[in-house]
Amino acid sequence: MFKTTPRILTLGATALGLGLAMAVPGNAEARDFTVTSWGGNYQDAQREIYFEPYKEETGNPLLEDVWNGGVGAIRAKVEGGASDWDVVQVETEELVIGCEEGLYELLDWDELGLSGKLIPGAEHECGAGTIVWSTALAYDGDRLDEGPEGWEDFWDLEAFPGKRGLRRGPQYALEFALQADGVPVDEVYDVLATDEGVDRAFAKLDEIKDEIVWWEAGAQPLQLLAAGEVIMTTAYNGRVTGANKTDGRNFKVVFPGSLYSIDYWVILTGSPHFEQAHEFIKFASEPERQALLPNYVAYGVTHVDAAESISEEDLPDLPTAPDNLAVTAQLDTEFWVDNIERLTERFNSWIAQ
């Protein structure tokens, strides 16, 4: 394992000609600066709040891309030697693993000017926190007058017949299964840290295995709900409220038992746009810009000054609202960094049975 050494920054960024982002061997500067995020209504909001204003105010080009996560995708970009990504929004475990493997540049916090201005846990040598989000239970209020109240209801096929949506993989599925089996949310990782706890979680998943529709991209669970293909699903909370605002949906979020985490901006190692990447992260972290996000999607913000500007109307929908924090827990990144490969292997074997 190794970490990169930060390069010396100079002020400003080179304005490049508009065009398609292409990785050209031997001429990395030929492609434009590219930011990669999660797509869907969340990236639509980012476009309005960050991407387009950045281009207008700096005069610098910015291209977008979309990904579905997984540190393997980052490895392929960096180790392949022809990466067409510069700044990527990653989940916490992708941040930790990628930083340990040297897949990201070390950030220059003096240049960013953000040290001490972000919430606890949002400052990392390789990443600047940008949102706080939850994976929660969601359902369509137009289809269910009395919806589920927690994970026990998610597992209750008699009271709520129909398919259920779960993110494909052991993460979240195991935690929610244990809660459905009676484990309090704040004790889930204590139980999951034991072999017996893992067995218990998979045994609980067995009970609804035939009724699960597995999803991978963040926009999929809402599409499943809208089409009536599932009666309820796990989903990212901000996507749910975003669909309500933009598409006139009546989707509901059940916060009790949900798991919240922080996403980070990172700069891929070897980016030819190192200075511009810092410039963009600094721009996207300005509190007045972050404070606009809950108007579009209900994710918590990371700049402490931005939190003070969130309206009373938007606050109850955020994972960082005090009432929501009281009934949730933070995703245990250390647990998943240590166990993701082992439990993914077991999950893949289980799902193939």
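Residues are classed as buried under 20% relative accessible area, as exposed over 50%, and as partly exposed in between, with a 1.4 Å probe and protein chains only. The model is predicted, so that local features need pLDDT of at least 70 and side-chain atom pairs count only at pLDDT 80 or more, whereas totals for chains, interfaces and linings use all residues. Residues are numbered from 1 along each chain as its sequence is written, and side-chain values use heavy atoms, with hydrogens and water left out.

Leu-192 is buried, because its relative accessible area is 0%. This residue lies in helix H7 (residues 188-192); helices (H or I, at least four residues) and strands (E, at least two) are DSSP runs, numbered from the N terminus. Leu-192 and Glu-175 are 17 residues apart in sequence, and their C-alpha atoms are 7.6 Å apart in space. Gly-127, in strand E5 (residues 127-140), is likewise buried, with a relative accessible area of 0%. Between the C-alpha atoms of Gly-127 and Gly-238, which are 111 residues apart in sequence, the distance is 21 Å. Arg-47 belongs to helix H1 (residues 40-58) and counts as partly exposed because its relative accessibility is 28%. The C-alpha atoms of Arg-47 and Phe-154 are separated by 34 Å, the two residues being 107 residues apart along the chain.

His-278, placed in helix H11 (residues 274-284), counts as buried at 1% relative accessibility. A polar atom of the His-278 side chain lies 2.9 Å from the backbone nitrogen of Asp-108. The C-alpha atom of His-278 is 9.2 Å from that of Trp-109, although 169 residues separate the two along the chain. Glu-105 occupies the loop between H3 and helix H4 (109-112) and, at 4% relative accessibility, also counts as buried. The Glu-105 side chain reaches the backbone nitrogen of Gly-270 at 3.0 Å.

Backbone geometry was examined at Tyr-172. Most residues other than glycine have a negative phi. Tyr-172 has a positive phi, near 80 degrees. This residue is found in the loop between strand E6 (164-167) and helix H6 (173-180), and it is buried, with a relative accessible area of 2%.

Helix H15 has 20 residues, which at 1.5 Å a residue should span 28 Å; its end C-alpha atoms are 26 Å apart, in agreement with that value. The expected span is 1.5 Å times one less than the number of residues in the helix. H15 bends by about 65 degrees at Asn-339, where the bend is the angle between axes fitted to the seven residues ending there and the seven starting there. Among the buried residues of H15 are Thr-333, Phe-335, Trp-336, Asn-339 and Leu-343.

On a 1 Å grid over the protein atoms alone, a cavity is a set of points where a 1.4 Å probe fits but cannot get out, and a pocket is an open set with protein on both sides within 12 Å along at least five of seven lines; lining residues have an atom within 4 Å of a point. Grid points are joined across faces, edges and corners, and a volume is the space filled by probe spheres set on the points. The largest pocket holds about 750 Å³ of space. Of its 27 lining residues, the closest to the centre are Gly-70, Val-71, Arg-167, Ile-340 and Thr-344. Helix H2 (71-80), helix H3 (92-100) and helix H15 (333-352) each supply at least two lining residues, and H15 provides the largest share, 10 residues.

Two cavities of 30 Å³ or more were found. The largest cavity has about 100 Å³ of space, and its lining includes Trp-38, Glu-91, Tyr-236 and Arg-239. The second largest cavity has a volume of about 50 Å³; Trp-38, Glu-91, Tyr-236 and Arg-239 are also among the residues that line this cavity.

How values were computed
A polar contact is a pair of N or O atoms within 3.5 Å; within protein, one must be able to donate a hydrogen and the other to accept it, and residues adjacent in sequence count only if both atoms are side-chain atoms.
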